[in-house]
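Visitor: I have the sequence and the coordinates open. Could you show me how to read the helix packing, step by step?

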Amino acid sequence: MNLIRFIPATRKTGLAAFETELLALLPRLRRFARSLTHDGADADDLCQVTIEKALLARGSWQVGTRLDSWMYRIMRNAWIDTARARSRAAETFVAEEAGLSVGGTGNAEARVALNEVDAAMRTLPDEQREAVALVLVEGLAYKEAAEILDIPMGTLTSRLVRGRQALMARLGEAA
Amino acid sequence: MTIEPELLMAYADGALDPLTTKRVERAIANDPALAEQVARHRRLKSKLSEAYAPIADDPVPDRLAAMLTSNVVQMPKRPPRARRVSAAWQSAAAMAACLVVGVVVGRGMDREGSVMATDHGLYAAGSLAQALDDQASGAKGPVRIAVSFRAQDNGFCRVFQSAEADGIACRDPKGWALRRTMPGSAPRSGGGYVQAGSSDVELMATAQNMMADMPLDAAGEKKAIASHWRAR
């Protein structure tokens, strides 16, 4: 039997403030998902799981606190669960091939750039990739990123610097 | 003076306090290699943010947006679990559903008593239950039945529409269990224009997935009504 969850709706807008705000965040969440998963299809699956988790946990989000940080955290934890559940060897193998053909809907040049960056991101350890994604792609402050990842500032900066050095080497001086 | 890589990176990102910024600037002025390192950090940052920017500019796929714009969201499929856990979870879900019935559906249903919450979930009551029991598909009335069908578990289900709620109800020994409800699409008595919603499309798609076979035809429905929708 399929079980259904009902979301309270305000009569005026039909959507609760939570949904409205979350809807506005979706583009950024998709971008974060892409930089974590380095694959378009995986990214949207991750978005779906994240939204499901957020809707279930909405009671624990405090109005007035930042919804984006809360969502980034849910997404990052969901991705850890997903990645853990997969066979790492199989994932790397498949992704290596799939990455070449996967791109966004933008122009060819943008797709090539994205594929190149995706491929470089794939080589990073998870802990470095998530730090890079939050700071360099999402543009968060170090402190915000450290809070989302639940690590001290010093840990964040050392992961970030190692991740960046690896990316610079990988992407060459074109970086 | 040595500048640690972390410090240089933080400088490149503009993340340092003014005093430390000055200190790093002095070091950079004396060491072109450091300046080059800062430039590389900044190039990498803009390269990454530019590469991923198109993702955020892309339209969000409908299936993701629909999770937030629809009033009803399907629960993720759960792997089979031990009976106890699953039962507890189901009753929690039913409880959550009950809470919200007052908000989403409650515009009239509670008052008319068309839905009742039981230990086993939500059930049709009053005029809704009556219509589900006796009314033929397509017949006019405050409640309209769109289609009747036999679900994969062999029980009968019916898709209904009313001013208060649309949904799918399935017959079990305890009555008409509400499997799916959404805000009503049928015009209220007294007329008035009602915007066409996606609810009927979505309900029909859900019904399609639940069906064991074809929908009941008029004769089959008549027989089912006569036998009080008892599953054979």
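This is a predicted model: local features need pLDDT of at least 70, side-chain atom pairs count only at pLDDT 80 or more; totals for chains, interfaces and linings use all residues.

Visitor: How many residues of helix α6 of chain A are buried?

Guide: Helix α6 (residues 126-137) of chain A has 10 of its 12 residues buried, so the rest of the structure largely encloses it. The buried stretch includes Q128(A), R129(A) and E130(A) as well as V132(A), L134(A) and L136(A). Just after α6(A), look for G139(A), which has a positive phi of about 75°.

Visitor: What should I look for in a helix in general?

Guide: An α-helix has 3.6 residues a turn, so residues three or four places apart point the same way.

Visitor: Which residues of α2(A) are buried?

Guide: They are G40(A), D42(A), A43(A), L46(A), C47(A), T50(A), I51(A) and A54(A). Their cover includes α1 (17-37) and α3 (67-85) of chain A, together with α4 of chain B. As for its length, α2(A) has 18 residues and spans 26 Å from first C-alpha to last, close to the 26 Å expected at 1.5 Å a residue.

Visitor: At what angle do the axes of α2 of chain A and α4 of chain B cross?

Guide: The axes of α2 (residues 40-57) of chain A and α4 (residues 62-69) of chain B cross at roughly 10° and come within 10 Å. Angles under 35 degrees count as roughly parallel, and that makes α2(A) roughly parallel to α4(B). On the α2(A) side the contact is made by D44(A), C47(A), Q48(A) and I51(A), and on the α4(B) side by L64(B), M67(B) and L68(B). By class, this contact has 5 nonpolar, 1 polar and 1 charged residues.

Visitor: And how do I think about a core?

Guide: In soluble globular proteins, nonpolar side chains tend to be buried together. Here the largest nonpolar core has 52 residues, of which L29(A), F32(A), A33(A), L46(A), M75(A) and V132(A) touch the most other members. Beyond its neighbours within four places in sequence, L29(A) is in contact with C47(A), T50(A), M71(A) and M75(A). A second, separate core of 24 residues includes V115(B), V159(B), C170(B) and W229(B).

Visitor: How many helices and strands does chain B have?

Guide: Chain B has 9 helices and 7 strands, and 30% of its 232 residues count as buried. Among its contacts between residues at least 6 apart in sequence, 46% join residues at least 24 apart.

Conventions: Residues are numbered from 1 along each chain as its sequence is written. Chains are lettered from A and ligands numbered from 1 in the order in which they are written. Axes are lines fitted to C-alpha atoms, for helices over the stretch in contact, and angles run from 0 to 180 degrees between N-to-C directions. Helices (H or I, at least four residues) and strands (E, at least two) are DSSP runs, numbered from the N terminus. Angles under 35 degrees count as roughly parallel, over 145 as roughly antiparallel, 65 to 115 as roughly perpendicular and the rest as oblique. Two residues are in contact if their C-beta atoms, placed from the backbone, lie within 7 Å. Ala, Val, Leu, Ile, Met, Phe, Trp, Tyr, Cys and Pro count as nonpolar, Asp, Glu, Lys and Arg as charged, and the others, Gly among them, as polar. A nonpolar core is a set of buried Ala, Val, Leu, Ile, Met, Phe, Trp, Tyr and Cys residues joined through C-beta atoms within 7 Å. A residue is buried if 20 or more other C-beta atoms lie within 10 Å of its own, exposed if 12 or fewer, and partly exposed in between; C-beta atoms are placed from the backbone. The expected span of a helix is 1.5 Å times one less than its number of residues.
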